[in-house]
Amino acid sequence: MIASLTSCGKEDKKGGNEPATQKKTEASSTENTTEPGGDPIATGTDATSTDAVKNLMGYYKHNEYINELAGFKVKVNGHSWVFYNSAEVAAAAGVEEQEIKDLWNGETSPYDKDMSFCMIAGNKSTGSNIIISYYYVNSELNKDTTAEYYLQVAANQTEGAEVKKITFVNRDFYALVIPPEKEGGFEQIRYATKVNGLIVVISFTIGENENIDLLEMMFSPLE
């Protein structure tokens, strides 16, 4: 899963201080929810809910993930497609679970890190997944880095990859299309846009019997 995130690296490290998100307010307790197959679904205990501060990382409401920064939401059916909880996201990212919780709860800011994981949704029967992440573009060193350039760095490392401009959830995005792997057959597509110094990246890994149109249907723009 995480292979779709590794080919874009940051050229420069952060310098100087950036404003942090608001601190988490006291949230009401939320019961853990388990998908029928036994896989946990992300709940308000994993990320900010309607009863907590809505911060830069986005938040969950029932079976939807809402990202106000980039103006879209993602809806899963809770059966074939589920949201990963903080422990699963941390395992996929190779970081401690507390690091993910601190980001999701607003204790730390994506402006404090080169890369932040906002959400992972997956279909464990097909291997398809959707990963939403942020890359911080340092305001002093590389503030002119665009979403197009960011994806082009990855395209230059993969034969046959291309970057093109698209409209997605009523916003201008750039899309990176990577040819399917010879073994496994997974297709990888990334959409990226830049908002407030953060490059918002939506990474699609598409397995057998699914396509980008099906995955895009889970997204809708915020009204």
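**Charges, rings and confidence**

Mentor: Let's start with Glu-88, which counts as buried at 16% relative accessibility; buried means under 20% relative accessible area, exposed over 50%, and partly exposed in between (1.4 Å probe, protein chains only). This is a predicted model, where local features need pLDDT of at least 70, side-chain atom pairs count only at pLDDT 80 or more, and totals for chains, interfaces and linings use all residues. Residues are numbered from 1 along each chain as its sequence is written, and side-chain values use heavy atoms, with hydrogens and water left out.

Trainee: Okay, which side chain does Glu-88 meet in a salt bridge?

Mentor: Lys-124, at 3.0 Å from N to O. A salt bridge here is a side-chain nitrogen of Lys or Arg within 4 Å of a carboxyl oxygen of Asp or Glu. The pair links distant parts of the chain, 36 residues apart: Glu-88 is in helix α1 (residues 86-93), and Lys-124 is in the loop between β7 (115-123) and β8. Helices (H or I, at least four residues) and strands (E, at least two) are DSSP runs, numbered from the N terminus.

Trainee: Which ring does Lys-124 lie over?

Mentor: Lys-124 lies over the face of Tyr-84, 5.0 Å from the ring centre. To count, NZ of Lys or CZ of Arg must be within 6 Å of the ring centre and within 35 degrees of the ring normal.

Trainee: How many salt bridges does the structure hold?

Mentor: Four. One of them joins Glu-97 and Lys-101, with the closest N and O atoms 3.5 Å apart. Both lie in helix α2 (residues 97-104), four residues apart, about one turn of the helix.

Trainee: Switching to rings: how many aromatic pairs are there?

Mentor: There are 12 aromatic pairs. Rings of Phe, Tyr and Trp (its six-membered ring) pair if their centres lie within 6.5 Å; planes under 30 degrees apart are stacked, over 60 edge-to-face, and the rest tilted. Tyr-191 and Phe-204 make an edge-to-face pair, 5.1 Å centre to centre with 70 degrees between the planes.

Trainee: Are Tyr-191 and Phe-204 buried or exposed?

Mentor: Both are buried. They also belong to a cluster linked by ring pairs, including Phe-72 and Phe-219.

Trainee: Last one: where is confidence lowest, and where is it highest?

Mentor: Strand β1 (residues 33-34) is lowest at a mean of 34, and strand β13 (residues 219-221) is highest at 98. That's pLDDT, the predictor's confidence in each residue, from 0 to 100. The chain's mean is 79, and 74% of its residues reach 70 or more.
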